[in-house]
Structure formats: C-alpha cells, structure tokens
Amino acid sequence: MVIIVLLLFILIASAVALVLSLNALINIFRDKVPYVSTPKWAIDWLCQHASLLLQGGVARSAGVVYDLGCGDARVLIALKKYFPDITAIGYERNWWPYILAKARIRRTGVKVYRRNFYKADLKNADIVFCFLIHSVMPKVENLLRSQLKPGATVYSYGFTFPNWQPTERIANPNNPKGSKINVYRVTERAKPATLK
Ligand SMILES: C[S@@+](CC[C@H](N)C(=O)[O-])C[C@H]1O[C@@H](n2cnc3c(N)ncnc32)[C@H](O)[C@@H]1O
C-alpha cells in the first residue's frame, strides 16, 4: 500500500514537473523571454526612486505604472505598497506566472491581465517597467517610443534599447558589474516612420 501511494506521488510530481517544463519551453519559443524575477535590490531601488518621478510633473495619485511581462507581479505589488494611489497594471502571457500573479495580487489593488503586451495601449502610462531579453528590445523600443507621452519614464532591468540612450544606468551597489536598471525618459512621442 505504502509503495503504491509513493509511486502515485512520484507519478503526479513527475507529471507536474513535465507540464511546467513544457510550458516554459513553449513560452521561450513563442515569446523568447523566460520567466525570471527581478532581484530585490532593483525592486527596492524602484520603490525608493519612482516617487520622485511620479511627483515630477505628474500628480502621484494619477500615476499609471505598467509592467510589461509582469511575471508574478512582484514589482507592481511592491510599488503599489509604497504608492497606494497609483494604478498598477501588468500584462503576462505565460499562464504559470499569470496564475501566481493572480494569487498574489488579491486585495492589493494591482491589476494583471493575461495578454500580449505588444497589443497594449500604453498612452496613459507614467512609468513602464520591463525585464525582458536582448532579442525583443528593438520591438519593445518601437512600441514604447511610438506610444508613450512626453514625461513618461521607462525602467528596463538588465537590457538596453538599441536606438535609445538611457539617461541613467543604476548598478547594484553590492555587485556593480552585474545587471543594471536602465532609465529612459520620454521627451517626445516618436513617429512610427522614424523608428528603426
Ligand atoms: C524576465 S520575466 C520578468 C517578470 C517580472 N516582470 C519581474 O520582473 O519579476 C519576463 C516575463 O515576460 C513575459 N512575456 C514575454 N513576452 C510577453 C508578451 N509579449 N506579452 C506578455 N508577457 C510576455 C514572460 O512570460 C515572462 O514571464
């Protein structure tokens, strides 16, 4: 009896592991971006510094913050805790982190949608956060520069845009050579034709 229960347990655990691995593989082929979480130091930095930006020209209560590919929504949840008046919206296409996000955002006020962020309307964004991968950055740059209003700020963890100069690159004080937060300020809305 014990052996049968043990075998059943191993079988179910293997099936779950297989489904999760297959899901990760399918998502990497489709979106080219794996699900990896932003480290704590970067989230802490954002919470401490985004306040200045939300006040700079934009009323804090009116701040709209997006996370493109929000994973389990940890960045948005942390920001919403710091700035309860912001509207925090995340888009996540991979069902596994989406389920985690939906479980974590209960009673936080953060909104998460299972949607392709390339189809998002970001014209009302004050802040956009993303942690993606090198190969998608040209397309994401076009999306942001054609939609974001002047005054908006983009924080890209780990990766830079090919044709957009960051105004700041923030390093981890404990690992200055590691991944950085790249800060971009929108000065004007680019016309799609001028984008590469
Ligand atoms: C590196 S993870 C970052 C997760 C989260 N932003 C964080 O910082 O903890 C990138 C996420 O973007 C999602 N993603 C990639 N392309 C997407 C798309 N076109 N639409 C929605 N989500 C996407 C992936 O599924 C993945 O979970």
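Q: Is Ala 73 buried or exposed, and how is that read?
A: The general idea is to count neighbours: a residue is buried if 20 or more other C-beta atoms lie within 10 Å of its own, exposed if 12 or fewer, and partly exposed in between, with C-beta atoms placed from the backbone. Ala 73 is buried because 26 other C-beta atoms lie within 10 Å. This is a predicted model, in which local features need pLDDT of at least 70, side-chain atom pairs count only at pLDDT 80 or more, and totals for chains, interfaces and linings use all residues. Residues are numbered from 1 along each chain as its sequence is written.

Q: Where is Ala 73 found, and what is its phi?
A: Helices (H or I, at least four residues) and strands (E, at least two) are DSSP runs, numbered from the N terminus. Ala 73 sits in the loop between S1 and H3. Its phi is near 70 degrees, a positive value in a residue other than glycine.

Q: What is the phi of Arg 107, and is Arg 107 buried or exposed?
A: Phi of Arg 107 is near 65 degrees, again positive in a residue other than glycine. Arg 107 belongs to the loop between helix H4 (95-104) and strand S3 (111-113). Arg 107 counts as exposed because it has 5 C-beta neighbours inside 10 Å.

Q: How many helices and strands does the protein chain have?
A: There are 5 helices and 7 strands, and along the sequence they follow the pattern α-α-β-α-β-α-β-β-α-β-β-β.

Q: Which strands pair with S4?
A: Two strands pair if DSSP finds at least two bridges between them. Strand S1 (residues 64-68) pairs with S4 in the parallel sense over 4 bridges, and Asp 67 has Phe 129 in S4 as its bridge partner. S4 also pairs in the parallel sense with strand S5 (residues 153-157), over 4 bridges; there, Ile 127 has Thr 153 as its bridge partner. Both faces of S4 (residues 127-130) are covered, with Ile 127 and Phe 129 buried on one side and Val 128 and Cys 130 buried on the other.

Q: Which residues have the most contacts inside the largest nonpolar core?
A: In soluble globular proteins, nonpolar side chains tend to be buried together. A nonpolar core is a set of buried Ala, Val, Leu, Ile, Met, Phe, Trp, Tyr and Cys residues joined through C-beta atoms within 7 Å. Here the largest one has 43 residues, and Leu 76, Leu 79 and Val 128 have the most contacts inside it. H3 gives the most to this core, with 5 residues.

Q: What is Val 128 in contact with, beyond four places in sequence?
A: Two residues are in contact if their C-beta atoms, placed from the backbone, lie within 7 Å. Leaving aside neighbours within four places in sequence, Val 128 touches Tyr 66, Leu 68, Leu 122, Leu 144, Leu 148, Ala 152 and Val 154.

Q: Which residues come nearest to the ligand?
A: A residue is near a molecule if its C-beta atom, placed from the backbone, lies within 6 Å of it. Of the 23 residues around the ligand, Asp 31, Thr 38, Gly 69, Gly 71 and Asn 94 come nearest. Helix H1 (2-31) and helix H3 (74-82) each supply at least two residues of this shell.

Q: How far apart do the centres of domain 1 and domain 2 lie?
A: Domain bounds come from an automatic or database domain assignment, which gives domain 1 (1-31) and domain 2 (40-194). Their C-alpha centres lie 33 Å apart, and 4 residues of domain 1 are in contact with 4 residues of domain 2.
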